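Have a look at the picture first, and then we'll go through it step by step.

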Amino acid sequence: TVEVPMEAEADVAVSVLDISGKTTVQQHRTLSKGDNRMTLNVSQLPNGVYFVQVRNGERSHTRKLVVNK
């Protein structure tokens with residue numbers, strides 16, 4: 001689950017990137033103004049360190065994600 005605060009409603013692209021920068025999961029969503037919670041299905045990913053990137057036009061926010069099953 002990823003928390004994403006938004007200043008206004010917007011369409012965003014959500015990507016999960018591996019340590020080399022390769023996109024492993026990608027989704028497009030419309031998020032509302034305020035705090036949003038998104039659940040990403042990473043069950044098919046092997047254990048390791050990834051990055052979740054939320055991109056809204058020119059703005060981008062990246063957070064670290066550790067998959068440990």
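Let's begin with a term: a pocket is an open set of grid points where a 1.4 Å probe fits, with protein on both sides within 12 Å along at least five of seven lines. Rolling a probe the size of a water molecule over the atoms shows where empty space is left. Keep in mind that what you're looking at is a predicted model. In this model, the largest pocket has a volume of about 290 Å³. Its lining is made up of 15 residues, and Pro-5, Met-6, Asn-56, Arg-59 and His-61 are the ones nearest the centre. Strands S1, S5 and S6 each give two or more residues to that lining.

Now for the sheet. Strands of a sheet pair through backbone hydrogen bonds, either parallel or antiparallel. Here you can find an open sheet of 4 strands, in the order S3-S2-S5-S6, and the pairing is antiparallel. Which strands stand at the edges? They are S3 and S6 (59–67), and each has a single partner strand, so one side of each has no neighbour in the sheet. From one strand to the next, the twist averages 20°.

Let's look at two of the pairings. S2 and S3 run antiparallel and are joined by 8 bridges. Val-12 is a handy landmark here: it sits in strand S2, and opposite it in S3 stands Arg-29. The other pairing, between S5 and S6, is also antiparallel and has 9 bridges. Gly-48 has Val-67 in S6 as its bridge partner. The hairpin of S5 and S6 has 2 residues between the strands, and in this hairpin Gly-57 takes a positive phi near 65°.

What about the inside? In soluble globular proteins, nonpolar side chains tend to be buried together. The largest nonpolar core in this model has 17 residues, and Val-4, Val-14, Val-16 and Leu-40 have the most contacts inside it. Strands S1 (2–6), S2 (10–17), S3 (23–31) and S5 (48–56) each give two or more residues to this core, with the largest share, 4 residues, coming from S2. Take Val-4: apart from its neighbours within four places in sequence, this residue is in contact with Leu-31, Gly-34, Asp-35, Asn-36, Met-38 and Val-54.

Let's finish by comparing a few single residues. Is Val-12 buried or exposed? Buried means under 20% relative accessible area, so Val-12, at 3%, counts as buried.

Tyr-50 and Asp-18 are 32 residues apart in sequence, yet their C-alpha atoms are 4.7 Å apart in space. Among the contacts of Tyr-50 are Val-16, Asp-18, Leu-45 and Val-67.

Thr-30, which lies in strand S3, is partly exposed, with a relative accessible area of 49%. Leaving out residues up to four places away in sequence, Thr-30 touches Glu-9, Ala-10 and Asp-11. Thr-30 and Ala-10 are 20 residues apart in sequence and 5.6 Å apart from C-alpha to C-alpha.

Conventions:
Residues numbered from 1 in each chain as written. Predicted model: local features only at pLDDT ≥ 70, side-chain atom pairs only at ≥ 80, totals over all residues. Heavy atoms only, no water. Core = buried A, V, L, I, M, F, W, Y, C linked by side-chain atoms within 4.5 Å. Buried < 20%, exposed > 50% of the residue type's maximum accessible area, 1.4 Å probe, protein only. Contact = heavy atoms within 4.5 Å. Pairing = 2+ DSSP bridges. Axes fitted to C-alpha atoms, helices over the stretch in contact; angles between N-to-C directions. 1 Å grid on protein atoms, 1.4 Å probe; cavity = no way out; pocket = protein on both sides within 12 Å on 5 of 7 lines; lining within 4 Å. Points joined across faces, edges and corners; volume = space filled by probe spheres on them.
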